[in-house]
Amino acid sequence: MASRAISSEAAFGRMAEAARVENAPRLAFSNPDPVRPTVPLSTGRHRLVNVRQRALVVAKWRALWVLCGFALLAICALVRLGFLGLTGGSSYSADIRSLLLPARGVIVDRNGSPLARDFRVYSLWFNPEAMTDGPPLVGQPQEVAEKLHAIFPDLDSAEVARKLASGRAGYLRRSILPEDANRVHAIGEPALQFPQETSRFYPQGSMAAHVLGFVDAGGNGKVGMEQVFDAHLKSEEGRAKGTALSIDVRVQGALEDELGRGMALSNAKGAAGVVLDVDTGEVLALASLPSFDPNKIDRDSTPNIFNRVTNQVYELGSTFKPITVAAALDAGTITDLGRRWPAAPLHVARFTIRDSHSMGTSLNVPETLMHSSNVVTAQIADELGGARMKKTMESLGMNERPRIELPARGFPIWPSGQWPRLRTMTVSYGHGIAVTPLHLAAAYAALVNGGIWRPTTLHKLEAGQVPEGRRVFTAATSARMRQLLRMIVSYGTGRKADAPGFRIGGKTGSAEKPGAGGYRRSSLIATFAAAFPMDHPRYVVIAMLDEPQGTQATSFQRTAAWNAAPVVSRVVPRIGPLLGIMPDETRDVDISDLKPLVPGEIKE
Amino acid sequence: MNLTRDRVHSIGWMTVLLVCGAFSVALMLRVNAVKSQVAATEKRIVYLQRDIDFLQTEFQTRSNQQQLKTLNDVEFGYEAPRAEQYIEGERQLAALGKAPAPGAPEPIRFASAAVAAEEAESAGSRLLAMVSPVTGATAAAPAREEAERETSTDAEAKALARDAKDLSKRLARIELAGGAQ
């Protein structure tokens with residue numbers, strides 16, 4: 001049994017050996033030691049060489065693959081390294097930085113001082129779902145309302161209690177102080193939450209409110225430049241960088257202060273003022289009083305949103321006389337400034353043009369402007385003719401809405417068609433035509449800057465962006481007007497507007513307001529249109545008071561010489577040095593050739 | 001298991017690989033740690049920037065033009081400077097120092113007193129502690145020399161010097177009071 005078994009085993013072994021020899025290359029791989037194969041050397045030598053070669057090739061291939069893998073990794077690492085080195089891997093820090101971007105861009109003045117910016121405030125929000133089970137409040141709604149009332153004394157506790165009891169989510173109060181938020185937190189009601197929200201804030205309060213406008217609850221700009229720039233302020237570019245206006249905060253503040261003071265002293269209903277750069281048309285200040293606070297728009301302040309400077313049209317009265325004279329000088333109908341016109345009341349087509357007081361039998365051009373004679377101005381305009389008068393007014397932009405970015409712009413009361421004789425005469429002294437104070441400012445800029453009219457703008461203009469404008473008056477006429485305007489302030493009705501050293505020139509205008517059945521003698525629009533310094537005009541200042549009363553401060557006078565002119569004389573010394581115009585009493589525009597024409601006046 | 005050369009080689013390579021892997025993992029962790037630190041710092045910077053914006057807004061609001069105007073009306077009463085407060089240029093400035101001509105207003109004169117040596121020393125050491133950065137000399141030194149040159153024993157000069165000394169004392173006292181606050 002055993003021998004059989006052995007023999008059978010031996011036979012199996014032989015068979016296995018034979019099989020091994022035949023399948024030698026395959027077995028060689030399973031053999032851990034190819035140097036000493038189980039196959040006899042004599043039979044499998046050349047095959048063995050083959051096996052070794054193949055194994056070597058495979059090993060080399062594998063090494064090559066691994067090398068390739070490593071090389072690939074190294075290249076990847078190098079590429080990544082280079083990428084990070086080049087870009088600085090700033091991709092993730094960008095979204096943190098974006099937290100700093102305001103939801104709405106900042107509006108700054110021409111010197112970069114912020115006028116409108118985003119401000120994050122807490123608001124008090126009632127969230128009944130804060131407590132997952134049970135009632136939304138820990139205490140009674142009435143008690144919680146009382147506690148809130150203790151923190152916010154002006155809160156209506158009954159209404160708040162009703163809101164809390166209703167179980168509906170909603171605002172209890174918008175924009176609360178952080179310390180108040182802490183005190184509300186101390187009440188210990190999880191349902192009272194204070195999410196931080198972005199709101200628009202105007203650090204300067206009501207200053208330049210009409211220029212800026214405000215932002216409504218929906219986040220849309222209203223009224224002023226907030227509305228004009230709405231899309232830009234919300235855009236990526238507008239949020240990243242402040243938007244500059246042509247306004248100068250310091251000038252705006254001075255203008256508002258002095259207009260407010262003038263308004264209070266004369267008990268006026270309202271006031272308006274503009275400061276305009278004569279060479280570029282940039283508006284440096286634009287004030288309409290009474291103003292409103294864009295931080296707090298309520299029912300009381302809503303009527304004040306109306307802009308008197310750009311939206312309301314007025315008959316601006318005698319301030320038009322220099323324009324008439326300039327048009328006549330330009331057209332050549334006045335060749336001699338010393339020529340005299342009779343000053344007796346003038347009868348034209350059932351209408352009598354008269355002066356406020358008697359100014360003698362006859363007047364020449366400088367005297368006409370200095371005393372503000374309607375009669376002589378009407379005669380000058382009559383000689384000029386309606387067509388030329390109208391053309392001058394058209395080229396000064398009096399027949400269209402004022403050119404400014406603000407959405408609220410009033411259309412002038414503009415007599416269309418051919419002007420009859422009487423119309424020409426009344427327009428010459430600022431009646432029968434109603435324009436905004438901004439129209440007047442642009443016209444005065446053209447009058448003194450060498451004769452170029454430019455559209456007014458609230459954009460801050462760079463040196464290359466100044467519009468070319470259009471020529472209205474010749475440079476010689478403009479130079480003559482500077483002398484005449486300076487004479488009005490030096491010796492004429494505008495004496496109260498003078499500020500020593502600032503070489504102010506300008507013209508008063510007191511127009512009666514039209515009412516039911518004619519003009520009302522007691523309600524006036526008092527305007528003073530000025531430019532300074534007259535030897536090289538840089539800025540136009542317009543001050544207008546709506547219905548000033550005669551008070552002790554104005555010596556019981558209502559006319560512009562007593563209320564609007566002093567405003568200018570106080571504004572100019574405040575803004576002049578800020579704008580680079582130093583007062584200097586040794587300089588002035590040369591009026592020596594006109595002085596002999598007004599011998600009596602200068603002695604005074 | 002017997003260690004042949006190849007085996008040792010491959011084990012060596014594996015070890016090197018493992019060590020390198022461990023190092024790279026450690027480095028990666030370190031890099032990520034620094035990265036998150038940077039991110040956290042940046043976050044803090046952003047929050048601080050927000051706080052700064054908040055405070056700036058508050059400052060701008062408190063210092064807005066209307067507030068300043070009210071403050072000026074109540075406290076200071078400053079007014080716009082007048083024309084005579086400005087000087088046109090060097091020429092006008094020089095004109096102020098012109099030699100008095102007949103009919104010109106009396107120039108404003110300043111009194112000065114010669115200080116005795118030892119008094120100047122004590123006064124100088126207290127008042128004039130400024131040292132020139134170039135020469136290293138104190139400002140008191142020339143004053144002392146001058147005092148030595150004019151060794152006047154005049155009673156009037158002495159009285160003046162005593163007054164000057166008192167003045168220096170008074171000034172010193174005021175300075176101390178200011179410093180203590």
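**Figure 1. Overall dimensions of chain A in the predicted model.** Chain A has a radius of gyration of 44 Å, whereas a compact globule of 604 residues would have one near 25 Å; the radius is taken over C-alpha atoms, and the globule rule is 2.2 Å times the number of residues to the power 0.38. Along the principal axes, the C-alpha atoms of chain A fill a box of roughly 165 × 70 × 50 Å. Chain A contains 21 helices and 19 strands, these being DSSP runs numbered from the N terminus (helices H or I, at least four residues; strands E, at least two). This is a predicted model, in which local features need pLDDT of at least 70 and side-chain atom pairs count only at pLDDT 80 or more, while totals for chains, interfaces and linings use all residues. Residues are numbered from 1 along each chain as its sequence is written, and chains are lettered from A and ligands numbered from 1 in the order in which they are written.

**Figure 2. Confidence along the two chains.** The model scores ipTM 0.72 and pTM 0.73. For chain A the mean pLDDT (the predictor's confidence in each residue, from 0 to 100) is 86, and 90% of the residues reach 70 or more. Among the elements of chain A, the lowest mean pLDDT, 47, belongs to helix α1(A) (residues 2-22), and the highest, 95, to β19(A). The pLDDT is below 50 over residues 1-13 of chain A, a stretch with zero contacts in the model beyond near neighbours in sequence; two residues are in contact if their C-beta atoms, placed from the backbone, lie within 7 Å. Residues 18-28 of chain A also have pLDDT below 50, but this stretch has 14 contacts beyond near neighbours in sequence. In chain B the mean pLDDT is 75, with 67% of residues at 70 or more.

**Figure 3. The annotated transmembrane region of chain A.** An unreviewed UniProt entry places the feature "transmembrane region" at residues 63-83 of chain A. UniProt positions are given in the numbering used here, feature names are shortened, and annotations may be inferred rather than shown by experiment. In the model, residues 63-83 of chain A are 100% helix and 0% strand, with end C-alpha atoms 30 Å apart.

**Figure 4. Strand β2(A) and its partners.** Strand β2(A) (residues 114-126) pairs with strand β1(A) (residues 107-108) in the antiparallel sense over two bridges; pairing requires that DSSP finds at least two bridges between the strands. In this pair, Val108(A) has Pro114(A) as its bridge partner. Five residues lie between the strands of the β1(A)-β2(A) hairpin, where Gly112(A) takes a positive phi near 90°. Six bridges link β2(A) to the antiparallel strand β5(A) (residues 196-201), and Ser199(A) is the bridge partner of Phe119(A) there. With strand β3(A) (residues 170-176), β2(A) forms four bridges, again antiparallel. Phe126(A) is partnered by Gly170(A) in β3(A) and stands opposite Leu192(A) in β4(A).

**Figure 5. The five-stranded sheet within and beside the annotated domain.** The annotation "domain: Penicillin-binding protein transpeptidase", from an unreviewed UniProt entry, covers residues 273-559 of chain A. Over these residues the chain is 26% helix and 21% strand, and the end C-alpha atoms are 17 Å apart. An open sheet of chain A has the strand order β10-β9-β19-β18-β17, with antiparallel pairing. Its edge strands, β10(A) (283-289) and β17(A) (505-515), each pair on one side only. The twist averages 15° from one strand to the next. Helix α18(A) (residues 437-448) lies across β9(A), β18(A) and β19(A), running at about 150° to β19(A). Helix α20(A) (residues 560-575) lies across β9, β17, β18 and β19 of chain A, at about 25° to β18(A). Axes are lines fitted to C-alpha atoms, for helices over the stretch in contact, and angles run from 0 to 180 degrees between N-to-C directions.

Figure 6. Eleven bridges join β17(A) to the antiparallel strand β18(A) (residues 518-532). Pro514(A) stands opposite Tyr519(A), and Lys513(A) has Arg520(A) as its bridge partner. The hairpin has two residues between the strands, and Gly517(A) takes a positive phi near 70°.

**Figure 7. Contacts between chains A and B.** Contacts connect 18 residues of chain B with 27 residues of chain A. On the side of chain B that touches chain A, the elements giving two or more residues are α1(B) (5-62) and α2(B). The largest share, eight residues, comes from α1(B). This side of chain B comprises six nonpolar, seven polar and five charged residues, where Ala, Val, Leu, Ile, Met, Phe, Trp, Tyr, Cys and Pro count as nonpolar, Asp, Glu, Lys and Arg as charged, and the others, Gly among them, as polar.
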